[in-house]
Amino acid sequence: MAGIYIHIPFCKKLCFYCDFYHVVSVKDNSAFIDALLKEASIRKDYLENEPVSTIYLGGGTPSVFSIKELETILNTLYKLFKVTDDCEITIELNPDDVLSGYLEGLKSHNINRISLGIQSWRDSDLKLMNRRHDSAQAVIALKETLAAGFENVTIDLIYGIPGMTLKEWESNLDFSFSFDIKHLSAYHLTFEEGTVFGKMLEKGMISEIDEDDSAAQFNLLVEKAESAGFIQYEISNFGKPGFFSIHNSNYWKQVSYLGLGPSAHSFNGYSRQWNVRNLKGYIKSVNAGESFFESEELDTKTRFNEYIMTSLRTMWGIDLEYVEGMFEKEGYDYVMNLAGKFKNYGLMKLEKKSLVLTNQGKLISDNIISEFMMPGDE
Ligand SMILES: C[S@@+](CC[C@H](N)C(=O)[O-])C[C@H]1O[C@@H](n2cnc3c(N)ncnc32)[C@H](O)[C@@H]1O
Ligand code: SF4
């Protein structure tokens, strides 16, 4: 099984926190679609004819595209790849693009998973982050999506927003769980270099919330999601049973995927590729038959580090049998030696034959993961 990710790099407005590759414009649509379809055709053998069981339309903002444009993209994928009948097809929608005719169109084109970028139900947060929508639009968007009969609906929320209290985060969570959503992605706000928030932080115009508040918001998230019937299958991802994102889970399980569009990444088990992060450069190079990506063959240490980085964030943890099979006794001993210390501190535990983070461990997952990284040969 394999997956396909399509990066649609257009946004109508710049969100102050966002570092995903995007351009604030919608004028290059047709040239972009032509290049995207061309890339799909050039790289049709990348997945070696494996059945494609997930397609993810992400961005940027895929919902700037009309149903006709999405249809053109999907039809090309159906022609070039072996897409399975029950393929999970996700689209990211911005709440202000959700109109009932549009939802019908998505449904009739087999799109069966909707990811709504709510971010917060509070107007003051949405304004601070420079989102296009307000909370009233977000409520309508979610209600209409559910009313249109989409069963597999997920929303994105951000916490750790400057000025947001624990009580306000609690209301955001309670309000989210009052809807029949099946999945939630909740991310702690990160101040990425080069973004508006990143620059404001440098100039002291905004500040990060303190560590105790961050931890309290994370703990509340885990607790509330669990009592609402959601399973935390990855640090930032919560799903009702049967509604985990297959596409994202496959990233964490080392399944091959092909990424199309500027900045998209691809992985086929032994190498990674990443497309140029520049729309004009991407279109020009694809059309001219020039190279539009860089790639890296993955050596054993890199594969080991990637496995730890992804698996430790999930509920499945580090599978010790897999480690022994893939990285031999050396890899196994390395993991077990380090794990001893974290187990003693109550940050990690052994579950069947896997090492998983405890709730305490999840709070400092980045630090634990970095201690597991094997240094490269220099
Ligand atoms: C590719 S983005 C956006 C999808 C869609 N364009 C939207 O804005 O709703 C996916 C998600 O990543 C999260 N995200 C992006 N940048 C972030 C940051 N700096 N800190 C925390 N969450 C972030 C947001 O929740 C966002 O919805
Ligand atoms: S969060 Fe979404 S809409 Fe906002 S800039 Fe990033 S990709 Fe675009």
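## Exercises on a predicted model

The shell of ligand 2 consists of Cys11, Leu14, Cys15, Cys18, Phe20, His22, Gly59, Gly60, Thr61, Asn94 and Gly117. A residue belongs to a shell if its C-beta atom, placed from the backbone, lies within 6 Å of the molecule. The model is predicted: local features need pLDDT of at least 70, side-chain atom pairs count only at pLDDT 80 or more, and totals for chains, interfaces and linings use all residues. Residues are numbered from 1 along each chain as its sequence is written, and chains are lettered from A and ligands numbered from 1 in the order in which they are written.

**Exercise 1.** Describe the shells of ligand 2 and ligand 1 by class.

Step 1. Ligand 2 has five nonpolar, six polar and no charged residues around it.
Step 2. Around ligand 1 there are six nonpolar, seven polar and four charged residues.
Step 3. The shell of ligand 1 holds 17 residues, the closest being Tyr17, Phe20, Gly117, Asp156 and Tyr187.
Step 4. Strands E4 (52-59), E6 (113-119) and E7 (152-159) each supply at least two residues to the shell of ligand 1. Strands (E, at least two residues) and helices (H or I, at least four) are DSSP runs, numbered from the N terminus.

**Exercise 2.** Work out the strand order of the open three-stranded sheet and find its edges.

Step 1. The order is E15-E17-E16, with antiparallel pairing. E15 (318-319) and E16 (348-351) are the edges: each has a single partner strand, so one side of each lacks a neighbour in the sheet.
Step 2. Pairing requires at least two DSSP bridges between two strands. E16 and E17 (residues 354-357) are joined by four bridges.
Step 3. Met348 has Leu357 in E17 as its bridge partner.

**Exercise 3.** Decide whether Tyr307 is buried or exposed.

Step 1. Locate Tyr307: helix H11, residues 300-311.
Step 2. Apply the cut-offs: buried means 20 or more other C-beta atoms within 10 Å of the residue's own, exposed 12 or fewer, partly exposed in between, with C-beta atoms placed from the backbone.
Step 3. Tyr307 has 22 other C-beta atoms within 10 Å, so Tyr307 is buried.
Step 4. Lys253 is 54 residues away along the chain, with a C-alpha separation of 8.2 Å from Tyr307.

**Exercise 4.** Characterise strand E14 (residues 293-297).

Step 1. None of the five residues of E14 is buried, so the strand lies largely in the open.
Step 2. E14 pairs antiparallel with E13 (residues 271-275) over five bridges.
Step 3. Phe293 in E14 is the bridge partner of Asn275.

Definitions and conventions. Nonpolar A, V, L, I, M, F, W, Y, C, P; charged D, E, K, R; others polar.
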